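Student: Could we walk through this structure together? I would like to learn how to read its features one at a time.

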Amino acid sequence: MAHPRALRRPVFAAAASLALVGSVLLGGCAGSADSSTSDLTGNQLLTIPREDFSTFSRNFNPFSPNALPMTDQAIYEPMLVFNPADNKTTPWLASSWKVASDGRSVTFTLRNGLTWSDGQALTAADVVYTFGLQKKLLGGYTYLAGVKALNTHTILFSFNKPYSPGLYDLGAQVIVPEHIWSTISNPSKYTNPDPVGSGPYTQVEDFTTQSYELKKNPHYWQPAKQHIAGVELLAFDGNDPANLATIAGQTDWADQYIPDIQSTFVDRDPKNRGYWFPPVGSLVNWTMNTTKAPFNDVNVRKALSMAIDRSTITKIGESGYATAADCTGLTGGYDAWRDSSVASSCDWTDYNVAAANKLLDEAGYARGANGIRKLKNGQPFSFTIEVGSASSDWLSVANIIAEELKAVGVEATVKAPNWSVVTSDYADGDYDTGIVWSDDAATPYQFYQGVMSTAMVEPVGTQTTDNYNRFGDSKADTLLSEFAASSTEAGQQKAVDGLQELFSQDAPVVPLFDGPQWGAYNDTRFTGFPTAANPYATLSTRTATAVLVLTTLHPVVSH
Amino acid sequence: MRYLLRNLGFYLIAFWTSLTLDFLMPRMMPGDPVSRMLAQSQGELQPDQVTQLRHLLGLDNRPMWRQYLSFVHDVFTGNLGVSISRFPTPVTQVIGSEIGWTLLLGGTALLIAVIAGNLLGVLAAWRRGGALDSVFPPLLVFVGSFPYFWLAMGALYLFGLTLGWFPLNHAYDVTFTPGFSAGFITNVISHLFLPAVTIVLVSIGGWMLGMRNTMIATEAEDYITMAEAKGLSPRRIMFRYAARNALLPSVTNFGLSLGFVVGGALLTEVVFAYPGLGYQLLSAVQALDYPLMQGIFLTITAAVLAANFLVDLVYVRLDPRVRVR
């Protein structure tokens, strides 16, 4: 039963809601910050997105595993900064250092005139205190026997064994002020909401769960290098919303993974936007549990390595951004260490299905009636490849490998539970194979130690956090001690040459590709980003070289 | 009164059961938080650092019953512990910093969907067979059955990126400081618009259909015929007699949905980068952050139970038939 009066209410409601929408649109347009060219006053903030922090909790404690971004890059500083892109070391809080000829100690000399952001002086006492606190709270530095301040500006680090890689390890530790941290009763549970640091941007402002700003340190030791007004961090839930903000031009510097970066990001504004993915991340490898047959047979490892096509893997799994590894196991970051004679005679890291089949036949793994090979105990040659489900690119890699192994009569299934389950399996030795990272540091020492040293091998059932392949070669131990003991570059190079040769012989893991260091920039508002042509740092916001970028960038000013 | 007390008793038992489940479930998941952190650090943690970390986070093996007792004690003293994935931020701080936005987004979307859906349902039922009734229920259900993230991403791409009518992310522009100024409030509304509208679109169909069906059943009642015979205006009958009685099932549903608003809208938060508890819960589960997971589950449980209790109270007021026991 229709009645005209009954219609008025909905029409009125519709009109009212239209008016509301209209005012919202206008209000929204007026209120939205236009992050494009209108903001070039010289005081604009360097905007960086973080996809791994869905919201920010105010925690600037450098000893916490969840410290906020830029804590170790803009607020606190280390004694030296090592740049893996060009292998150069920049003295930072320390002006110089001296490694003893027996490799059992290092002496650092701090610069003069260093101050904290509250005006107090930064001295050797702070360095000594920092290392003590770090060891107490988080452990590590097992080679360090003692830290002593020789005077207000010199610190002596004594080791309990010769350890030349210790220089970079110690130099990378961020230094905290003793006069603040010695007053805190429980440093591990302290959130450090208003940090006092030595870095260029220490003053926290406008802290909210979705963003915060870091403004200039009023007592910075290189005020001439504080060109930019400050840094702004934005929180996002994962790659996709962070990528959207980056593509829309809301950020200046981003280092999350952006798929198909050329067409989605760069092509929107090719004059100002760019990316650079130097191969200086850690090596991604196919780790095999060498305590289980047939992976204890080096010929099996080498044959399986020849059965996979690394160029397909990097093209499809990593969008072509990664570089295939060779039989030295060294990533692009260690190019200076690479032994060209070993690298050029690599055979087991080249794609060669015929050779793989031949090697497996010769090793005694004959094919069964259904084409699948059999192990020495009669079981079919099938195993699992474990990888964490959250890493979609590594999951693709595992699937490609499983597919390619069919050509050599081997059956592989990919198992992809949560990363914590996978890591537990690796730690216990309860797995067949997996796609795993490797140790990454300033020198190849930690990498080779992590894959070949007997010192890192634990029996199955005992938890380990390193050497998941549980392979040790005593020859590697000898070479590693030689490296640690040598104080000259020539001596270290000789040891690394030997390690590369040994790696190529033993194939403790199957190297796949080097993890690229993601990084993209937009220089509409800031200029001076590192590029392949000017590799003074990497484009990562999360590693030590970020402070080099922060002190080099200049804001674009339009008048 | 006795009815209320008895209900309260049931609610307390429900609360205690959910408390126990809340404690057990995270611990039944395989893996442990430190392994997860290790995977994330990708080879940068030394072996003795891992042991130290375990000790720091309180993950040494205390017996389960002891953990349970201290958990129950902590809940009743308001100490929800320290989050592992956001160590050392206390859980109450993590939840407290985001619950406001969760309630704003979920509450607004729910209210709009309920009011608009019920209104449309009432009108559709009253003019059954008319244009409104024939077009809207199937249309809204059709729109509602799209996968939500597809709808949300499509809306964001069209209205946010291509047309530029709405902001792309976050709850308000970083240039504003939170406060009760007109500028800030309009900014918050402009950021809230797309997320809320997409949630409303997928949920309104259900409310409309439910209300419409209940209305049709109510219209068949004798007292409606009596009111028409007595000469009351159709609008008065529709709103003051039929709709009021048909509202009762909606009230129950509203109560249930209100409790779950606290759980956050995960997909909305991810697509629109809106701060809230939904994604917080997901990342807590992925990181096996027991205290934070427990804290959020507890908040959801408490909110659902409280909302249900309130609905029970309101229901007694609305429906006299319930009072007579």
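Tutor: Gladly! Let us begin with a sheet: in chain A, four strands form an open sheet in the order β1-β10-β9-β8, with mixed pairing. Strands here are DSSP runs of E with at least two residues, helices are runs of H or I with at least four, and both are numbered from the N terminus. Two strands pair if DSSP finds at least two bridges between them. This is a predicted model, in which local features need pLDDT of at least 70 and side-chain atom pairs count only at pLDDT 80 or more, while totals for chains, interfaces and linings use all residues. Residues are numbered from 1 along each chain as its sequence is written, with chains lettered from A and ligands numbered from 1 in the order in which they are written.

Student: Which strands stand at the edges of this sheet?

Tutor: β1 (46-50) and β8 (201-205) of chain A do; each has a single partner strand, so one side of each lacks a neighbour in the sheet. Direction ignored, neighbouring strands are turned by 30° against each other on average.

Student: In what sense do β1(A) and β10(A) pair?

Tutor: β1(A) and β10 (residues 230-235) of chain A pair in the parallel sense, over five bridges. Within β10(A), Glu232(A) stands opposite Thr47(A).

Student: How should I read a pair of packed helices?

Tutor: Two packed helices are described by the angle between their axes and the distance between the axes. Axes are lines fitted to C-alpha atoms, for helices over the stretch in contact, and angles run from 0 to 180 degrees between N-to-C directions. Here the axes of α8 (residues 298-306) and α11 (residues 353-362) of chain A come within 8 Å and cross at roughly 160°. That makes α8(A) roughly antiparallel to α11(A), a term for angles over 145 degrees.

Student: Which residues of α8(A) meet α11(A)?

Tutor: Asn299(A), Lys302(A), Ala303(A) and Met306(A) meet Ala355(A), Ala356(A), Leu359(A) and Leu360(A) of α11(A). Contact means C-beta atoms, placed from the backbone, within 7 Å.

Student: And the chains: how many residues of chain A are in contact with chain B?

Tutor: 59 residues of chain A are in contact with 61 residues of chain B. The largest share of chain A's side, eight residues, comes from α1(A).

Student: How far apart do the C-alpha centres of domain 1 and domain 2 of chain B lie?

Tutor: Those centres lie 32 Å apart. Domain 1 (2-76) and domain 2 (91-324) of chain B have bounds from an automatic or database domain assignment. In contact are 15 residues of domain 1 of chain B and 12 residues of domain 2 of chain B.

Terms used: Two residues are in contact if their C-beta atoms, placed from the backbone, lie within 7 Å. Angles under 35 degrees count as roughly parallel, over 145 as roughly antiparallel, 65 to 115 as roughly perpendicular and the rest as oblique.
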